[in-house]
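I opened the model to look up its overall dimensions, its surface and a handful of single residues. My entries follow in the order in which I made them.

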Amino acid sequence: MNVEELMAFAGRNPMLSLALAGLTVAIIYTEIAALFRGFKAIKPAELTQLINAGNAVVVDLSAPVDFEKGHIAGSRNVQPKQFGPTHKLVASAKQQPVVLVDRTGAASVAAAKALKKAGFEKIHVLDGGLPAWTAADLPLVKGRN
């Protein structure tokens with residue numbers, strides 16, 4: 001396939017060509033934005049490595065009812081409205097890995113941005129939230145800590 005054939009295809013299929021161009025721009029924008037957001041989205045396997053290393057602070061931003069139904073062992077439950085860079089769980093952990101977890105990811109991303117703005121260096125968000133954790137067949141603990 002050469003450039004002339006691609007141009008002929010684009011001329012015959014303008015909607016497909018525009019869709020391809022739009023998706024390409026969206027993917028590039030998303031990847032560049034992820035590089036500059038200041039925190040890292042991690043997979044469940046990476047989170048288990050951080051937990052096993054023993055120095056990760058895991059904060060679950062789920063509702064208390066959801067937290068009691070199941071949470072990652074060792075995580076602490078904090079309401080998103082009460083959580084921030086000065087919260088007692090993370091105030092002294094600026095150099096430690098801080099992992100934010102919730103059910104959908106929305107609260108974790110907002111909290112990660114606030115921590116980054118406050119100077120935290122090792123901020124992580126569980127990619128896919130707790131559904132990704134359970135999909136990886138990893139255990140949850142029930143009840144309060």
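**Surface.** I took accessible areas from the Shrake-Rupley method with a 1.4 Å probe, and for residues only the protein chains shown count as cover. On that basis the accessible surface of the chain comes to about 9,100 Å². Carbon and sulfur atoms hold 62% of that surface.

**Provenance.** I noted that this is a predicted model, in which local features need pLDDT of at least 70 and side-chain atom pairs count only at pLDDT 80 or more, while totals for chains, interfaces and linings use all residues. Residues are numbered from 1 along each chain as its sequence is written, and side-chain values use heavy atoms, with hydrogens and water left out.

**Elements.** I took helices (H or I, at least four residues) and strands (E, at least two) as DSSP runs, numbered from the N terminus. The chain has 6 helices and 5 strands. I read their order from the N terminus as α-α-β-α-β-α-β-β-α-β-α.

**Dimensions.** I looked up the radius of gyration, which is taken over C-alpha atoms; the globule rule is 2.2 Å times the number of residues to the power 0.38. The chain has 20 Å, whereas a compact globule of 145 residues would have a value near 15 Å. The C-alpha trace spans about 65 × 35 × 30 Å along its principal axes.

**Burial and contacts.** I used buried for under 20% relative accessible area, exposed for over 50% and partly exposed in between (1.4 Å probe, protein chains only). Of the 145 residues in the chain, 29% are buried. Contact means heavy atoms within 4.5 Å. Among contacts between residues at least 6 apart in sequence, 69% join residues at least 24 apart.

**Charges.** I counted Lys and Arg as positive and Asp and Glu as negative, leaving out His and the chain ends. Each charge is placed at NZ of Lys, CZ of Arg, CG of Asp or CD of Glu. The count gave 16 positive and 11 negative side chains, with the centres of the two sets 11 Å apart.

**Helix H2.** I checked its span against the expected one, which is 1.5 Å times one less than the number of residues. H2 covers residues 14-36, 23 residues in total, and reaches 33 Å from its first C-alpha to its last, close to the 33 Å expected at 1.5 Å a residue. Gly 38 follows H2 and has a positive phi, near 90 degrees. Within H2 I also looked at Ile 27. Ile 27 counts as exposed because its relative accessible area is 54%. Its C-alpha is 34 Å from that of Ala 53, 26 residues away along the chain.

**Ala 112.** This residue is in helix H5 (residues 106-117). Ala 112 counts as buried because its relative accessibility is 0%. Leaving out residues up to four places away in sequence, I found that Ala 112 touches Phe 39, Leu 100, Ile 123 and Val 125.

**His 124.** I located His 124 in strand S5 (residues 123-126). His 124 is buried, at 13% relative accessibility. Beyond its neighbours within four places in sequence, His 124 contacts Lys 40, Ile 42, Leu 50, Pro 97, Val 98, Val 99 and Leu 100.

**His 71.** I found His 71 in the loop between helix H4 (64-69) and strand S3 (76-77). Although in a loop, His 71 is buried at 1% relative accessibility.

**Asp 137.** Asp 137 is in the segment after helix H6 (129-135). Asp 137 is not a glycine, yet its phi is positive, about 65 degrees. Asp 137 is exposed, at 70% relative accessibility.
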